[in-house]
Structures are given as C-alpha cells and as structure tokens.
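Please keep the sequence and the model in view while reading.

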Amino acid sequence: MSRRLAHVDRVGIEERAAQLGARSIKTTAKQQGIRLAVSVIDLTTLEGADTAGKVRQLCAKAVCPAPTIPEIPSVAAICVYPSLVAVAREALAGTGVRTASVATGFPAGQVSLEAKLRDTEDAVAAGAEEIDMVISREAFLAGDDVRVMREVARVKDACGDAHLKVILETAELGSYDHVRHASMLAMEAGADFIKTSTGKAAAGATPGVCLVMLEAIRDHVERTGRIVGFKAAGGVSTSKAALHRLVLVKETLGDEWLTPDRLRIGASSVLNDLLMQYAKTESGRYGRSEDFSRE
Amino acid sequence: MTVEPRTSIVWEYAPAPEATDHLRLAERYGLFIGGAFCEPAEARYVPTINPATEEPIAEIAWAGPRDVERAIEVARAAQPRWAALPDRERGKYLFRIARLIQERARELAVVETLDGGKPLRESRDVDIPLAAAHFFHYAGWADKLRYGVVARKVEPLGVVGQIVPWNFPLLMAAWKLAPGLACGNTAILKPAETTPLTALLLAEICQEAELPDGVVSILPGDGTVGATLVRAPGLDKIAFTGSTAVGRDIQTALAGRGMELTLELGGKSANIVFEDAAIDQAVEGIVNGIFFNQGHVCCAGSRLLIQESVLDEVIAKLWARMGRLRIGDPLDKNTDVGAINSAEQLERIETLVAAGEDEGAVRRSVACSLPERGYWFAPTLFTDVSPAHRIAVEEIFGPVVSVLSFRTQAEAIEKANNSRYGLAAGIWTDKGAKAFEVASALRAGVVWQNTYNHFDPTAAFGGYKESGFGREGGPAGLRPYLRVVR
C-alpha cells in the first residue's frame, strides 16, 4: 500500500509559528506563563555519566525548583535512563513529581523489537510511570508505516499503566509532511503523548515542528475524540522559547492543553532561565546564573 | 520539604498596550504647501478622531479651492528645478526620506493605529516597514529610469495630483510619492478624510530631509478637496486609489483634458482553495486574506471559493480559527483585529451584511465582547452564498467573507473571473502545474499562490476591469509617471 501524505506548506507553517512568537507576554502574563512552564517541565538528564547521586540531586530540584520563591511549583516529571528509574522513583516518593524513563533503544532505536519491549518492561518494572519511546526512523523513512505503528502498539502494551510518549525525532524525518504523517501514525497506534525529539539530534522542537504536531493532535482529537498530549523537547533552552511554545499550544489546542496532563516541555537548562526571568519580574533586575542551583 | 499542590495555572495574556507617551503630536496641523505648514485660505479645522474610542486626536486644516490653486502653482514652479537635478541627487532625497521613516517607525506606527484603528501589530510589522521599503526601492530607480522603460528616453510628466485612501494611509502615500518623485515629478498629495495624520508626519519628514520646497504638498480634506484637485487646471496627471464610484467620477472629470490617469480601485477578489491544498495553511491564508486590517483591503480575499470535496472541512477549521482571533484595543500588541475605520464604513458593512441575510445566506459572526465606544464589527462568515447575492458581488470592505463552492478547476476559474472586478486572487494547491495553469487563466492583476496579502515594492500591483488600470511597484510602477520621448 503506498503512503498518502497530507500536505503541510513549509512557508505557511513557519510564518504562522513565527507570528505567534511575536505575542507580547508581559507583567502578570509573564509570571503566570513562567509558573505554568515550570509545572509542565520534564526535568531531564540523559548522559552516560549520570549517577544515582546526580539523579537524587536533580529530583530535589524537581520537587522544589526555587526554595526562595515558594510560588514556583514542582516540575511535572523527572526523565532518566531505565537504569536510574528506581533511584528517581524512591527520591520522588510522595512528592507528586512523576518518574519517566526513556526506553526502546533510545536515542537511535536501532535494536530489535524484542530488545525494545524488554527495555520498556524493565523500566516499568523499576517503577517508571511514563515511558518515552522512539519510533523506528529506519522503518519510517523506508516507507514501512505498518512496522512503525506495530512497534508503537507493542510498546504501548508493554507499558501497562505507564503513560507512553512517542518520540518522532523530527529532525531526522526530512519534511513537515513527514512530521505530520508520523504524528498521525503514532496517535493511531496508541500514543498518549507525541514528542518532538530525543534532544540528541541536530534540531529539536522548532516552532514549525511544534505547530505541525499540534495541528495533527487537534485533527486527531476532532476525529476520534481521544485526547493526546504534546511534548516539546530539544532546543527549548530559554524562557522566551518556552513561552513561545506555550503560545503555540494555547492558540492551536486551547487552554485545556495547558496542564501537565496534556503538555510537557522536556528540558534541563531552561528551568534555571525560567527562574531567573521570574526573579527579574519581581526584583526588576536580571540575576546571575549562580543565584540558582544547577541541580 | 513542602510540596506545592497541583493546582491548574490559568494563563491569559495581560494587556500589552503600546506606549503613546513618546508621541509629539501637535494639537493642530495646517496645510503643507511650499515646504512649510500654513493656514488654509479660509480657516477650517476639523478634528480627526480615533475610531477605537471616538476621541479627537488633533485638529486638521482642510484645504479649499484657493489652497489647491496655490499648491499647484508652487508645485509647478518647483518642478523644472526638481527634474533638472542630477538623477542621483533626487535619489538621495528619497533615501533620506526612507531612512527617516525607519528612524520614526515606532511613532508612525502608533499614530497610524490611533488615527485609523488598525492593530499595532500590522502598522508596526507591515505598513511602516513597507512604506520605507517603497522609498528605498524607488530611490534606487531615480538614476536608472531609462532602464525601467527599456532603452527609451523618458521625461517626467510634470505636476501630479495623488489621492490616497484611508486603509493604508502612509503606505499608500509612499506608493504614490516615491515613484512620482523618483521620476522627477512634483506632487500634491490628498490624504483621506479620516486618516490625515501620518501624511502630515511625512510632511515633517520631508522638511527634515530638506526636500526642496514645493516638491511635495499635502492637502488634507474630504472628497470635495479631491474633486477640486482633479478639476483644477495645471496638473499633468491624477493617481487615485479608492472606490470604483469615485474613480469613475475622476475619469469623467479628466476626459478630454490631455491628462494622464491611473486608478487603483475596488475588488472582490477570489481566494480559491483546491482539495489538494495544505488545508491548515490555506485556512491561515483565508484569515490573513480577509481579516487583515479588518478587511479594509482593496485586494482582500472576500470571495472564498472552496472545492466541494473539502468544503465542510475548510469551513469547520476556518470557523474554529476565527474564534481564536483577538479583537479589541488596536494599540494592544496582541490584537489581531482592530476597529472599523469610520462610522460611515461601519454603516456600509452593516448594510451589506443585512442584505446577505435578507437574500438567504447563512451568517456566522464571532461571539466576542466588543468595546462600547468606537466602531467595531465582529469577524463574519457567510455560507450558502450564491454568486448572484450582493455579498458575493459587491465590495464590502470589512471583515466579512462570503463562501462559494466549486466542483472542478474549470468551474473555479469561471467563477473567479465572473466579477466586474479583477484586482487579486489567491490559489491554494500543492500542485505546482495546476497553480500556474489557473494563475494564467485568471483575470486578476495579482495572483498569490499558497499565500495572500503579501506585498513587496519590487512587484507590480494593479487591476483589470473595474479594479482600475496602471501599475504600482517595481519598474512597472515608473511607467505611469514618465512620458516616453523617443
């Protein structure tokens, strides 16, 4: 069966995304926007050098990002490799911050389906409440939509009660038409969230990519009634970029999507920039990065 | 460690009004004749008001017949020396004006929004930058005129009268003045009755640029000033942008007087969405085509032609998108749709919308709270429109789009061309060959493919049929201001 792609016009989508980036978010809207952005963060560490110690420190930061600013909420989740899930889960017990794990041969996904399923089962068994899987770009680019969907569906089964976020790795898909198509495949196959990137590719959650995926979600929900969330990950490193993503969501999917149940921003460095910007709205002066702990 | 309970965070944009305290507006503006502001011969000052609040902004002198006469004399006297300047020198003045517009861009944008009701986002991002771009573009042409009209010797026409509308006040002034002056003409500009302010600031800019006295005169006033101007002796050309009715009157008045004329008039432009279009971007283009500047755009995509196979989908998406438009204070940086320009225009829109309902079309207007004062009209969509309905034929010049359906490419072309106007059209399709085929079959001066309402000083703009004649922009825009000598 040959693939039928829906058209996305590159110039048009980027123009609209840029236009929404020009929304003026000032004063109280900026403060509320920053609090909202913090509340949807998946605070992430995905390094070979990650240790139990580092993850514990990051968990403390996730629960209480800025002890001096009590109105800043906890982030939504911590996102780690499967081997560190148990550590995170223990550190976060009773805090309301969830534990997410990447799985399925993250980030390339170039392992067998059996290995992907095993990876997922291990993470869930260790206590992961959310799984961030990668689609097989190899299958997608070869035109094998059936395999892409089957893998997502099987991993979804392996997740059990854990929420499944499906990473498209949009920078490797080559076009907005493909981004939209991959979004649809992932949602059809049972994704609870669709997610832009691993954070390991050349580009991540660009405004254009985010908007294409948000429009795909809107159309999917319209057609099936099943709610799917969105996670922007990769390249969202400043408050301005985070607020821009929130505007894209607000004006495409509406206010109902502005909650951690339906929206996440995967990031590490953006959190401190948000805290600095928030402090600036209160004190009127820019702080230093040293004002907040790294972890 | 205590944990903040998860309460949902409500996120609305706070008001973000652009500041107005930097403006240096005078309480009263005279006429601009011979390089200086002066009193009108018969003192008559009329306030210009902010259509979003109905509050007066400044008092504006309106020109009378004696002022018109004097402006023509002054322009006539200045013309030979202006034309005799080395071409590069003329270009230099235009470059100066372009740079001064950029320097005063913020002020000009705010004044444009105050005086005309358009969202600041548009005056800041579209009107003012494009006005500067037009001066830059034609500044560059000033010393290359013979290449604009290839390998012919050309000379200026002389003194030109230029009458501009209220929808893009400064931008339309730039469209007229920049090519006119570059070609060596002197000009008398009549800004629109409801939006004279940025033209008067442009007069200040002409002073700052040390433009020779008399090269540009600016005579505010209502339609009678324009009527006096077109009937006054001593002009070589009239360039007019506005309604077809007034254009017809001007053409009659000029008949047999050996004067040049260009008219850029109304439109009922077809925006054609094929089933193979990128639908979401087409919806965005429809919104930009008809709600940009409250639909006060001569080339607005006011006749929306949608292929039947995607009709329901496009309308559903369009209606949902219309619900997200932010309507209100034009000075707010997040406003998408501002105020209607005048009480008179609002009345015209209301009349035509009522006619649409009477004739049986189905009306949907966005439910939004509109300010109590000022002139406002909610973005409106008409479905079940038949090609004979007034709302499918007449120019509404407001935020109102009429949807018609078609089945085949041939029918789309036939319906699009079945209009007394022929200013612009839009084509939405992912098929390149189809786009070119349809574009060449359309009788419209501008055809946009997969976009709408994009303007550029290098591109010619103008109409077919009752949308007028003559072109503005690019090298084609030089021709109406030049006489070919040999």
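A salt bridge is a side-chain nitrogen of Lys or Arg within 4 Å of a carboxyl oxygen of Asp or Glu, and the count of such bridges between chain B and chain A is 6. One of them joins Glu12(B) to Lys250(A), with the closest N and O atoms 3.3 Å apart. The side of chain B that touches chain A comprises, by class, 10 nonpolar, 4 polar and 14 charged residues, where Ala, Val, Leu, Ile, Met, Phe, Trp, Tyr, Cys and Pro count as nonpolar, Asp, Glu, Lys and Arg as charged, and the others, Gly among them, as polar.

This is a predicted model, in which local features need pLDDT of at least 70 and side-chain atom pairs count only at pLDDT 80 or more, while totals for chains, interfaces and linings use all residues. Residues are numbered from 1 along each chain as its sequence is written, chains are lettered from A and ligands numbered from 1 in the order in which they are written, and side-chain values use heavy atoms, without hydrogens and water.

In the contact (heavy atoms within 4.5 Å), 28 residues come from chain B and 48 residues from chain A.

The structure holds 0 disulfides over all chains, a disulfide being a pair of cysteine sulfur atoms within 2.5 Å.
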